[in-house]
Structures are given as structure tokens and as C-alpha cells.
Amino acid sequence: MAKDNGQKPYLSIHGVTKMFGDFTALKDIALQVYESEFVCFLGPSGCGKTTLLRAIAGLDIQTKGHIEQAGQDISALPPSERDFGIVFQSYALFPNLTVSKNVGYGLENKKMNKADVKARVSELLDLVSLGDQGDKYPAQLSGGQQQRVALARALATSPGLLLLDEPLSALDAKVRVYLRHEVKQLQHKLGVTTIMVTHDQEEALTMADRIVVMNEGIIEQVGSPLEIYRHPASPFVAEFVGTMNFLPGIAGNDGTVHMGKVELHAREGVNGLGEGDEVTICVRPEDVIARDITSDTPNTFDAMVDELEFLGSFYRASLSTQSDDDTNFRADFSVNLVRDLGVKEGQPLIVAFPESRIRVFAGR
Amino acid sequence: MANGPQALTATTVKAKVSRDDWVMRGGMVVIGIYLLVAVIFPLYSLLSKSFQDEFGKFVGLANYAEYFATPALFFSINNSLTISFTSMVITVSLAFGYAYGLTRSCMPGKNIFKAIALIPILAPSLLPAISLRYLFGAQGMIKELLMGESIYGPIGIVMGEVFWTFPHALIIILTALSTADARLYEAAESMGTSKLRTFFTVTLPGAKYGVISACFVVFTLVITDFGVPKVIGGNYNVLAVDVYKQVVGQQNFQMGAVVGMVLLAPALLAFTADRIVQGKQVALLSARAVPYQPRPNKRFDLIMLTVCGIVALTIVGLLGVAQYASLVKLWPYNMSLTLHHYDFDLRDGGSWGAMFNSLEMAGWTAVIGTTVVFTGAYLVEKSKGFTHGRGLIQLMCMIPLAVPGIVLGLAYIFFFNHPGNPLGFMYATMGILVMCTITHFYTVSHLTAVTALKQMDPEFEAVSSSLKIPFYRTFIRVTVPVCMPAILDISVYLFVNAMTTVSAVIFIYSADTQLASVAVINMDDAGEIASAAAMAMMIVYTSAGMRLLHFLLTRGIARQSQAWRKR
């Protein structure tokens with residue numbers, strides 16, 4: 001879902017601020033979410049992502065600012081007058097009601113006859129592959145199954161917006177990976193606009209159409225998973241998503257930066273920096289190359305392999321530049337590469353930081 | 001979206017109040033008004049009465065001055081403190097030993113011992129006092145054991161109070177002792193620590209707060225108890241009986257109010273101190289703790305069995321004496337058995353009608369009380385906004401625990417009997433007895449409900465509102481069924497206490513609404529002691545029956561809901 005294809009936003013958030021006493025949980029948040037989009041709010045605990053979700057749901061209404069959903073101003077409306085389904089981390093399934101009764105709970109209030117409710121419930125249970133579990137109680141299901149019941153219940157009334165508050169965090173790793181895929185597919189199939197809160201970057205990267213990275217009550221960056229990963233807008237995003245080397249440098253002239261004696265060219269340039277300014281050079285361990293380096297390869301320099309750690313599918317190497325002010329950085333090398341080039345601890349190695357993979361931020 | 005948003009962002013969002021919110025707030029206002037009428041207004045009437053003369057004129061501290069100038073009155077303070085402190089030390093020590101045997105030894109019959117120890121809760125405090133008369137009175141079976149001392153006075157009061165408060169202390173200490181972490185004991189043992197040192201460095205610190213809490217509870221129960229000193233106190237005056245004597249004996253309402261206020265002070269003090277101590281208590285048992293399992297040790301187990309056996313026999317013995325005495329024709333001259341004394345309608349001060357009144361009162365108290373308490377606790381716990389109102393209601397829910405029953409009863413006379421009170425029609429009805437009893441036992445019930453509600457997923461209400469289901473529907477369909485065990489606990493607690501209480505209702509019963517526990521006092525006053533014992537035993541049997549019913553119901557529900565209840 002591209003954000004500038006002329007689509008009208010389904011949900012727009014303007015200047016939303018949330019105060020808890022003197023503490024500012026959200027600072028002047030602005031965001032647009034488009035129809036059928038899957039958006040993830042990603043950030044560390046306490047960054048305000050859940051607060052923003054609860055503001056959208058009307059569970060904790062924002063102190064200032066306004067929210068529009070499907071063209072309607074919902075800023076001050078209570079949850080019961082908004083149009084959304086929600087899945088909590090705890091699932092909040094009603095323990096004394098069967099799976100079918102849980103899923104059909106929201107349908108009882110609509111003027112549907114019993115047969116229609118039953119049909120809708122079984123349709124939803126099939127959708128989450130729990131067709132034969134309707135008569136069980138939540139406590140008799142596994143965590144993953146409970147999560148799917150919660151999802152079916154949230155979708156029962158066909159809401160325009162699906163809100164997921166850390167829906168996968170309570171599950172063990174394997175189930176989590178499987179459900180990521182399931183939830184994403186389901187969302188795609190139904191086309192329901194979805195916002196998910198998570199602190200798990202991998203979850204956000206695999207599931208979201210767009211990621212909203214949040215920190216200390218503000219939005220650090222909004223973008224597709226690839227944008228966020230490749231072009232982090234701030235050191236915070238660079239550190240929070242993926243692994244990153246943060247290396248001290250000095251800005252040179254004409255867009256170069258110096259890391260000790262090594263001169264580097266960064267394709268994205270170093271805007272607004274004067275010669276001699278302190279900078280932080282960012283490069284991901286997996287972007288460091290060592291193979292097929294020729295004299296034409298830019299950003300090439302000699303390094304020393306200090307440590308080589310075997311991590312199963314790859315090696316993580318700790319390297320240092322061979323200059324007076326030793327700069328240490330990490331690089332991920334494939335098992336093949338290590339074998340082919342004969343990389344060993346205590347041996348020198350020629351490496352390069354590809355121009356297109358370097359990010360430079362002002363300051364250190 | 002041109003200029004609108006900017007203009008809107010500047011101002012604070014005023015959340016629209018939903019229909020659910022209105023209903024909840026309405027409910028809270030109703031509960032708040034109820035608590036004002038049931039707790040605050042009566043206490044205020046009492047307070048203001050203590051500053052008035054007999055014509056209702058404000059006289060400042062004159063009544064208090066008179067009180068402290070009358071040795072016969074203020075000596076009671078010393079007496080009350082003495083028996084409360086003595087009873088506290090004895091009861092808590094015994095309860096600790098008993099609980100230690102139940103949790104830390106491998107003695108046989110633990111379940112029976114536990115059951116026996118809880119029996120006194122089912123009895124009015126008058127019962128041990130009556131039994132003590134039969135044992136140590138002028139014609140007592142074993143009065144020689146007192147070596148010439150009279151049972152009518154501090155000795156009798158303390159003995160009766162220890163019997164009656166024992167289970168209260170035991171429950172608290174038992175909880176404290178059973179939450180021990182075996183790893184601490186293993187660590188102590190592996191370091192070669194002696195048993196005695198382990199006791200003082202591991203066991204006692206772990207149970208410290210439980211013991212302190214038990215001390216406060218027993219002290220408060222004794223200083224506010226009316227039944228035991230009324231029956232066996234003789235000329236030894238204590239505050240709770242003074243209130244009664246001033247009001248009922250001398251019709252001196254102002255002085256009654258003053259004594260009530262004096263009695264309120266230590267109770268309030270103990271209550272506040274207990275709250276502070278409990279606030280300091282942190283969970284000692286982490287989720288990863290390993291529960292302590294006692295290992296057999298012949299000598300130690302035998303000692304504990306002896307200690308527990310003596311205490312249990314005493315409890316059963318006191319109960320047995322009351323039962324036996326109620327069946328004996330004319331103690332000690334004609335020891336043949338008869339049911340004659342159960343013919344309450346022939347006795348001065350008693351009737352079977354009183355028993356039925358008690359049943360009716362206890363039934364209403366259980367039904368109405370549980371409904372009010374649980375709904376109130378739900379609204380306070382789950383509603384949004386309305387912060388000040390909620391805090392105020394929470395405070396009002398806690399006050400009754402600090403108010404002695406006799407003070408509450410007196411406060412109810414002043415408030416409901418006031419000529420200007422539009423609620424005056426309630427005076428001398430069943431309604432006022434029910435209201436007063438619910439109030440008297442409100443706090444413990446409220447706390448039970450709050451504990452159960454806190455275990456519910458906090459998002460149930462959020463899910464319901466997202467599904468557009470009104471909260472009261474989820475309350476009925478989910479909250480109430482899930483909390484059913486706690487709801488039953490509350491109702492049986494209210495029922496049993498309504499059956500056994502004397503202090504709060506002694507002032508506000510009328511000829512038509514005499515209660516069984518009051519009949520015990522009146523028959524005792526009239527010299528119909530065997531019938532008083534008989535009526536007291538009837539109360540025990542009724543309470544025990546209700547407990548049994550509660551047990552069966554709880555078990556039935558547990559079976560029925562085992563499919564969805566975890567564990």
C-alpha cells in the first residue's frame with residue numbers, strides 16, 4: 001500500500017497529545033492510515049504505542065488533538081460508539097463461555113436471529129481454522145488457539161478497523177512465527193484496515209505494510225519495512241530495528257566522511273554538515289562485504305579479524321580498522337565466505353562498506 | 001480537513017460520556033448515597049449527640065468533662081484495655097502454636113483440627129460466657145480450679161474472649177505460616193543453622209505481618225465485644241457494656257454517645273495501625289517459591305498434637321457444656337435430661353419467633369448485602385473517570401471495620417429516631433436491622449469482592465464496549481458467574497454474622513423484631529440460663545447448617561465449572 005497513490009486516508013490522526021498527570025505519553029502525533037492497510041506501531045516499552053492504540057479505540061481518550069475515522073470525527077466518542085474490533089495481549093476471552101459463545105458475543109446485540117448467528121460463528125471459526133472447537137471453553141485451548149478465538153470474536157461484527165495490542169507476545173516462539181503468517185493472510189483476505197502494536201521488530205518487518213516507529217511519545221519514522229530497515233531516519237530507528245554498527249567519524253568535504261584514516265563515500269550524502277563536524281557512521285553487519293573486492297571497489301580498507309563467532313547459519317566477526325584510533329565493528333559473513341577466503345582470527349582482511357548501505361547522522 | 005484540525009487540536013478533548021458511563025455513574029451515586037445514609041450520617045448523629053445536653057442544646061465538651069470526672073465511668077477504659085491486651089496475648093500465642101502444628105508438623109487429623117478451631121465463628125460471643133458460668137460459676141462443675149477466684153470478672157471475660165476470637169487469629173496466622181518458601185529452610189539447613197535459630201530468623205520474620213495483623217484484629221474484637229462481658233463481666237465494667245448501661249439502663253443518651261466515642265478511639269487506632277502495617281507488607285512468596293513440606297519427626301509431631309489436642313478439646317468442651325446444660329432439667333440438682341428449655345415461648349425474654357426473626361434478618365442481610373456489596377465493589381473497581389467520587393466511596397467502604405457494633409447500633413438510634421428524619425419510618429422495623437447488620441460487616445465483604453474482581457481480566461469491559469454490548473450484560477453473563485465462589489463466601493459470611501451478632505442490633509430491635517442472639521441476653525438476664533444456652537446452641541446449629549450448605553454449593557459449582565476454571 002503506497003501512501004501517496006491519491007487514496008483517501010481511512011484514519012487520520014492530528015496533533016494527538018496524551019498526558020498522564022505531568023507525564024507526556026504522546027506528543028503531537030500526526031498519522032494517516034489508509035483503507036485495507038496493515039500498520040504496525042513499533043517501539044520499546046513506554047514509547048506510547050499502546051497509548052496511541054487506546055486513544056484510537058477510545059479506551060483512553062487523548063488529552064488534545066483529534067482523530068477521524070472514515071470521514072467521521074471520533075475524537076471524543078466512547079469505545080461503544082466507534083467502529084473497531086480489538087484483540088488484547090491477554091485475549092480477554094470470557095472464561096465461562098464456550099468458544100462459539102465468545103465469538104458470537106457481539107452478534108447478540110444486533111438483531112440477528114439464532115440461525116444467522118450460528119452460521120456467522122461457524123463461518124468465523126472456519127476462517128481461523130477452529131471449526132471443530134466451538135463447544136470447548138477457552139481454558140481447554142492452547143495459547144495459539146485462544147489467540148485465534150479472540151481474533152474471530154473481534155472480526156465477528158465486521159468492524160472497519162481491527163486493533164491488535166501485542167497479540168502474539170504471550171505465545172512461544174514457534175507458534176508466534178506461524179501465527180504471524182496466519183494473521184497477515186487473514187488480514188489480506190478480509191481487507192480490514194489493521195493496526196498492530198508490537199515491540200518485536202521482526203514481527204513488524206514481516207507483517208506490516210507500513211511501520212510506525214515510536215520513541216518517547218513521538219513518531220520517529222513512518223515507512224515500509226524495507227525503508228525502515230534500509231534507510232532509518234534517526235539513530236534510534238537504526239538501533240532499534242535490526243543490528244547496526246555505530247562508528248565515530250568526522251565529516252569531510254564533498255560528501256565524504258572519515259573513520260580514522262579511512263575515507264568513506266556515502267551515497268545518501270551528508271546534508272547540512274560542515275567539514276570537521278563529528279558524525280556517526282552507520283553500517284549493518286550483513287552489509288559489510290569481503291568478497292570480490294577489487295581496486296575499483298569504493299570504501300575499501302584493511303581490517304583485522306579480532307574474533308570470529310560461529311552462529312550456525314553464519315559467522316559474526318569482530319573487526320578493527322588498522323589505524324591509530326582503532327575503530328571496532330562487526331560484520332556477518334556467510335559460512336561459505338569464511339571458508340573460501342580463509343578468514344581466521346588474528347588475520348588481516350580487506351573489507352568494504354558499500355556506498356549505498358552507509359547512513360551518516362550528525363553528532364556522536 | 002483544511003483548517004478544522006488545527007483549530008481543534010489546541011483545545012483539550014472533552015470525552016463524550018457513553019450510556020454505559022452514565023449507568024455506572026448513576027449506580028455509584030446510588031451506592032454513595034446508601035453509604036452516606038448507612039455509615040456517615042448515623043456516625044455524625046452520634047458525634048453531635050455527644051456534644052449536646054439532654055434537650056439537644058450544644059454544650060461543647062461538657063459531657064466529656066463529666067465523663068472523665070466520674071471514676072466509675074473512666075475506670076472502664078483501663079479495664080477494657082487490660083482485658084483486650086491480655087486476651088490478645090493469650091489468643092495470638094495459642095493461635096500461633098495451633099497454626100504452627102497445622103502447617104509445620106506431620107501430626108495426624110489436621111483437617112479435623114482445622115474444622116474444630118473454626119467452630120467458635122458460628123457461635124455468638126455469649127455462648128462461651130454461658131458455658132463458663134456452668135463450669136466455674138457458683139454451682140460450677142469445676143469451680144475449684146479457680147482457687148477461690150470468681151469467674152464473674154476479668155478472668156471470665158478473658159477466657160470467653162479467647163474462645164471466641166481464637167478462629168479469627170488462627171485464620172490470619174495460618175495464612176501467614178502456610179506461605180513459606182522451602183528453599184529458605186533448605187538454605188538454613190545447609191549452612192548448619194540450629195532449629196531454634198531457623199525459627200527466629202526464617203519462620204518468625206515470614207509470619208511477622210500475619211502475627212501483627214492477628215494482634216490488631218483480636219484486640220479490636222475484644223475491646224468492642226459486648227456479649228462476653230455482658231454475661232460474665234459481673235461488676236467489672238468495660239466500655240462496650242457501659243454504652244449499653246448508660247442508654248438502656250439509665251436512659252442517658254448523651255453519656256452513651258460519649259462512651260461510644262471513647263470506644264471508637266482505640267478501635268480506630270488499631271484499624272489505622274493495621275492498615276499501615278499491611279501497606280508495608282510485600283509479597284514474600286514469589287511465584288517461583290517452593291512450598292514448604294514438613295517432614296515427620298516423632299517427638300515434635302507428638303508435642304504439636306498435644307498442644308492442638310488441648311486447645312481443640314477446650315473448644316469442643318465449652319460447646320459441649322452449653323449443649324449439655326441446655327438439656328439438663330435443673331442444674332445441678334436434677335441432672336435428668338429434657339427438651340423443656342427449648343420451649344422458648346414459655347420463657348421470659350425469649351420465643352421461637354426470635355429465632356425466625358433471626359433467620360429472616362440473616363436471609364435478607366445475605367441477599368441484599370451481597371448484592372449491594374458486590375455491585376458496589378464492581379462499580380468502584382471497573383468504572384472510569386469520576387475519580388473523586390470513587391475514592392470517597394472506597395473510604396466509606398472501609399469505615400465500618402473501624403466502628404464497633406455497639407457504637408454503630410447507638411448511632412442508628414440517634415439517626416433514625418431523630419424526629420426530623422424522613423427515614424424515621426424504618427425505625428423499629430426489620431429493614432433497619434438488615435441495614436445495620438450489612439453496614440456492620442460491610443468492609444470484610446467489600447474486600448473479598450474487590451480481591452475477586454481484581455483477578456478478572458481488566459479488558460473484559462473494553463472488549464464488551466468494542467462489541468457494543470452494555471457493561472451490565474457482561475457483568476451478569478461473565479463477571480457474576482466467574483466470581484460466584486467469592487459471592488457465596490460473602491453471603492455466607494453475612495448470614496452467619498447476622499445470626500450471631502448482638503452488639504449492633506441490641507439497641508434497634510423492637511418487640512416485633514426480637515432476634516435470637518438478643519433473646520439469649522434477655523433470657524440470661526431473666527435467669528433462664530439453660531434456655532439461653534439452648535438458644536445459643538440453636539444459633540450455632542443454624543450457622544453450621546448454612547456453612548454446610550455453602551460447602552455443598554461451592555463444591556457443586558466447582559464440579560460444574562471445572563471445564564472452564566483453570567487449575
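Cys40(A) stands opposite Met196(A) in β8(A). This is a predicted model: local features need pLDDT of at least 70, side-chain atom pairs count only at pLDDT 80 or more, and totals for chains, interfaces and linings use all residues. Residues are numbered from 1 along each chain as its sequence is written, and side-chain values use heavy atoms, without hydrogens and water.

**Strand pairing in chain A**
- Strands and helices here are DSSP runs, numbered from the N terminus (strands E, at least two residues; helices H or I, at least four).
- Strand β3 (residues 38-42) of chain A runs parallel to β8(A), joined by five bridges.
- Strand β7 (residues 161-165) of chain A also pairs with β8(A) in the parallel sense, over five bridges; pairing takes at least two DSSP bridges.
- Leu163(A) stands opposite Ile195(A) in β8(A).
- From β7(A), the chain crosses through helix α5 (residues 173-190) of chain A to β8(A) in a right-handed β-α-β crossover (clockwise from first strand over helix to second, with the strands pointing away from the viewer).

**Burial of β8(A)**
- Six of the six residues of β8(A) (residues 193-198) are buried (under 20% relative accessible area, 1.4 Å probe, protein chains only; exposed is over 50%, partly exposed in between).
- Side chains in a regular strand alternate between the two faces of the sheet.
- Thr193(A), Ile195(A) and Val197(A) point one way from β8(A), and Thr194(A), Met196(A) and Thr198(A) the other way.

**Chain B**
- Leu94(B) lies in helix α4 (residues 71-104) of chain B.
- Leu94(B) is partly exposed, with a relative accessible area of 34%.

Conventions:
Chains lettered and ligands numbered in written order.
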